[in-house]
Amino acid sequence: MSGYGPYASSSLGPTSLHVGGSGTGAARRLSKLGGGAPNSKRKRAKRPILQSFRRKFINCVLYSALLVFSLGIYKGSRYFPSSIDGQEASSNAFFSSLPALNGSSHTGVSKAKTDITTQGLYEDIKFLNEEGGVWRQGWNVQYKGDEWNTEKLKVVVVPHSHNDPGWLRTVEEYYQERSKSILSTIVSSLKKDTRRKFIWEEMSYLERWWRDASETEKGDFKHLVLTGQLEIVGGGWVMNDEANSHYYAIIQQMIAGNMWLLETVGVVPKNSWAIDPFGHSPTMAYLLRRMGFKNMLIQRTHYEVKKALALKQNLEFMWRQSWDGSNTTDIFCHMMPFYSYDVPHTCGPEPGVCCQFDYARLPGIGKAEMCPWGHNPQIITPQNVEERAHLLLDQYRKKSTLYRSNTLLVPLGDDFRYTSMVEAEAQFTNLQKIFDYINSQPNLKASVQFGTLEDYFSTLRAEVGPGVSTDSGLDLVPGFPSLSGDFFTYADRVHDYWSGYYVSRPFYKAVDRVLEETMRAADILYTLTSAYCKATGSYDFPLMFNDKLVSARRNLALFQHHDGVTGTAKNHVVIDYGERMHRSVLDLLRFMSDSVHTLISRSAKVGRCENHNKEELEFYEPEQARERYDLLPVKTTLKVTGENVRRVVLFNSLEESVEQVVTILVDDTAVCVFDSKWVPVRSQASPEWDFGGSFAGKPDTGKHRLQWQAEVPAMGLQTYIISPASLSQDCVTPTLANLQVFNPPQDFVCPAPYECASKSDDHLEIKNQHQALVFGARNGLLFSVTIRDGQEISVEEELAFYSSHKSGAYLFAPDGEAVSFVEPGGLMIAVEGPLMQEVYTIPKTSKGSNAPVPVIRSARLFAGNSVQAAVAEMEYHTQLSHTAFDNKELIARFRTELNNKKVFYSDLNGFQTIRRETYEKIPLQGNYYPMPSLAFFQCPTGRRFSIHSRQALGVASLDKGCLEVMLDRRLRQDDGRGLGQGVVDNHPNSVVFHLLIEKNSTAIPDLEKGSSRVQSLLSHRVGAQLNYPLHAFLGKPESFANLRPSMEEKLLRATMSPMAQNIPCDLHVVSLQSLKTAGLSDSVKHKVGVLLQRRGLDPAYGVDEDLESKKRCTTLSDGTWNLFEMFNELEMVDARHSSLNFVQDDTKEFGYLEQVHRKEGKSQRRGFLTLDPMEIEAFKLELRPRE
């Protein structure tokens, strides 16, 4: 999507040649970092050979010194033997003294040193939206004219076409109507003239075109790519969103695109092009760097930030992670300076002039509208070429003053451009005439050519001189500043902040995360099943699902598009996304069910890989049924009758064993639970509530939640048996929960066979051994938490609506503050049992009886010494489909007594956290930020309050001690950003939060400006177990008399524990996947890929010893964990370092210092993993069953 915005100008001609600039291009590019304003006077300078040699020699000495100094910073890290001074020794001694954190002294994160931080920019910018003239968001750009006396201006014009894989039309509709012809046009047009260039980004369209293209077209396309006329930039399946997308999904969409590209065309991209995501995340910069990308381009950042950077020629910078103290994550980034990426906003600061050189706007040429500034393009003739060339060159020169080098990038394109040869010829032919004229006039001191992104970056790097190469492959571009931070929340004009899309279509955002975690789990099972089946000599079973996994990965990738997961597409397009994800979830769950059967049914000698009988393979079914793309999943009700029992197999996709209270539905409470050794397991039964909103006095469904404490090994399987109570004398029937009812309606019916006690107390408490939650009886909402040390903390839960008549799919523009809609007198039911306690609240609202309740909330505490027991689970069932909620935006707010001074931390893509501060100079909507999975704050004494989420939402801290999260929004009007509709296709949704209150075990140090706090180990584990839950599979009815002997004689396996050793607690297996399901050919030796991340931990928060009663929780330290001994029954024959997209194997290409981890003979030392906190590393593996 693109657009002119409100900044159409009637000013057309070039401004006077008055300047103020300073220095030649060389002096300008090598000026002091953060240098002066772009219009400060530039000195004229000559560059004789001796002077050039002297400059290069000085630069070499300076950069060598910089390298030595930087390496000195690494002292004591994994790259050099530790030489601990007093300060380091003190720190290490302190950290090793924390309970249950053994091993590494480097679990915390470093602090990057950068020239610019985005937080610093926000503090300095006044956000006054000052009028800038023809460049309304900037200033009246001028130049003197002698800036290019010693080095001419080199302009690289980059033709492109932005193809949204779904927005106003579905991806297939766009392909048939536009993208198919665009790709064919590009190939034909570039063949006509080798001077023509083009870039392409979206592999989803290229792969689709490839299926239709002739062999000649495919050959021509490859030739154009290999000769450099056509460059693939980014090369992901889509140009992904950077606010809502989880880093796992971003990696997978890049793998899907990059691996297809390598296998099909034979190239690997090294430049990224992101012109349309609505704000930009440093996570993307990190992932690109670790995938081997050298340069990146971004566009949509706050217009005031653009102006502030442009004023000091800082629009190009080395983007560095805020936690990177060793500077190995730097990637060179170019930020476009103006409002949009269309032609009127890319050639220079005056859109009314630039639009005249968009030849797709000539009458009868393309579908683009005429220029709204009153002057349209003119066909170039010998009579007007001189005047046209001077007019265009004037814009190029003005734009050049915003940057440090004399190499200028000028994009040439818009949404779905170059649809026909007529349009392509108009663009290329007319502009080539202008370029030929400029290039033929030495007095103009400029050269202009069509080029690719690689042409631009290579020309710029050649101009500014060689970078500094290090052992990590770091390639610093001299003369440019370093920057850390993110670019949220995006505003394109005035107070129009794009914070609405953080929440739009939350139902589909939730489905996205379900598909994501199911994809990850299915990948792990596919890898394990394939490896185990090698022993049988049969690969048919896992291979028969290969295409399903490929399709699922691509559908997950497709939804990461910046109009997909954002919720900013037309209704029918959203339906298309939803149906694709729904089919993929079903396919993956079917595969997982059959994979579980294959793994659990094999004996020590006999496998089931060769048995493809459908009836036998489909022995298990997923515990959750998904009937339609637009409905929440429904738990399957287990019916246990007669002489039959049912197996329940749990799969844990995490790298740590998980202990949780699990829940399945049964139709009768006269049942019992046995573990895999037929030992009775204590259980609890409680009503299954109806969350539909219309209960007529009966809030339950007539079904029962059967709950018991389960423990499932890491990446393993565990079996439990549900039996009728009458079949075994050993049976222990579930404890029936007690129910307390507050404010019941007159027709309230107590669920059978439970007992209900009517209460009139003013408050209610539920508790476990870690905390107690207190709720107000009048409204059913939380108002305090007492933690284990006895301290009571005020935590007031509020439910409220923002009203808005300007908000839309993209924008959040509230009319005022949020107003609570909860009135006294709502129904509240407390469930009390030995394993789970719950408060189920149906609020009374001010909307009246005709409208459904907009939200029903269940709060739960679980028993045990587990991670699950450490949190308070808050589940919000939202329903805004009624017109009574038009132009309402629903929030849940937690108001605490902790004074965070309006400073909080939110996650970026589930990968890292960043500091947020609420600014009075920014409107309310500008203080909302993306929350893909986490937000937390803490008071000066260190008490920390966290909200973990399993789906992307928006978050703010508008008052001290408060966090509010937007749950859903229903908006009738369009917000003027091209969608042309509101957002009223709301579906019932379930939003789950895990609230965590932590007490620091040591003093909390102050942070430098720009720094961000990181999670505790417990917080990491809470987030992992919420986002990667246990998967339950239900077996068909079986005879009790036959099943028990089979399991006792080990003819059937009841468990699978593939991990040979405990993985360190700070090591997360991001993915374990067969590269074949990502598109890799069979000829490749290393067919398995694994991504490992070492979590950054806050050392001020130790591990709760009660949660680690069964094992000591160790952290990763050099030489303590061997990658080759990761699995139990599988042998890792080889492991090769790779890029995160699995397409490059040279570690210097993606920034690591550590090289290959390879097992050679009997020596295993090189298999011991070393990994810095926060880093992700990829390995290609060769696995086989152990002999």
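User: Is Val-494 buried, exposed or partly exposed?
Analyst: In this predicted model, Val-494 is partly exposed, with a relative accessible area of 40%; buried means under 20% relative accessible area, exposed means over 50%, and partly exposed lies in between, using a 1.4 Å probe and protein chains only.

User: And where does Val-494 lie?
Analyst: Val-494 lies in the loop between β14 and β15 (496–497), where strands are DSSP runs of E with at least two residues, helices are runs of H or I with at least four residues, and both are numbered from the N terminus. The phi of Val-494 is near 45°, which is a positive value in a residue other than glycine.

User: What about phi of Phe-416?
Analyst: Phe-416 is not a glycine either, and its phi is positive, near 50°. Phe-416 sits in the loop between β9 (407–415) and α13 (421–439), and it counts as buried because its relative accessibility is 6%.

User: Before going on, what should I know about how the model was treated?
Analyst: Local features need pLDDT of at least 70, and side-chain atom pairs count only at pLDDT 80 or more, whereas totals for chains, interfaces and linings use all residues. Residues are numbered from 1 along each chain as its sequence is written, and side-chain values use heavy atoms, with hydrogens and water left out.

User: Switching to peptide bonds, is the one from Phe-488 to Thr-489 cis or trans?
Analyst: The bond from Phe-488 to Thr-489 is cis, with omega near 0°, and Thr-489 belongs to the loop between β13 (482–484) and β14 (491–493).

User: What is omega for the bond from Ala-752 to Pro-753?
Analyst: For Ala-752 to Pro-753 omega is near 5°, and this peptide bond is cis; Pro-753 is in the loop between β28 (738–742) and β29 (756–759).

User: Now the sheet, what is the order of its 4 strands?
Analyst: The order in this open sheet is β51-β52-β54-β53, with antiparallel pairing, where two strands pair if DSSP finds at least two bridges between them. At the edges are β51 (1067–1074) and β53, each of which pairs on one side only.

User: How many bridges join β52 to β54?
Analyst: There are 6 bridges between β52 and β54 (residues 1176–1185), and these strands run antiparallel. Gly-1089 stands opposite Lys-1180 in β54.

User: Last one, where is Asn-1122 found?
Analyst: Asn-1122 is found in the loop between β52 (1088–1094) and β53 (1130–1138), and it is buried, with a relative accessible area of 4%. A polar atom of the Asn-1122 side chain lies 2.8 Å from the backbone nitrogen of Phe-1124.

Methods:
A polar contact is a pair of N or O atoms within 3.5 Å; within protein, one must be able to donate a hydrogen and the other to accept it, and residues adjacent in sequence count only if both atoms are side-chain atoms.
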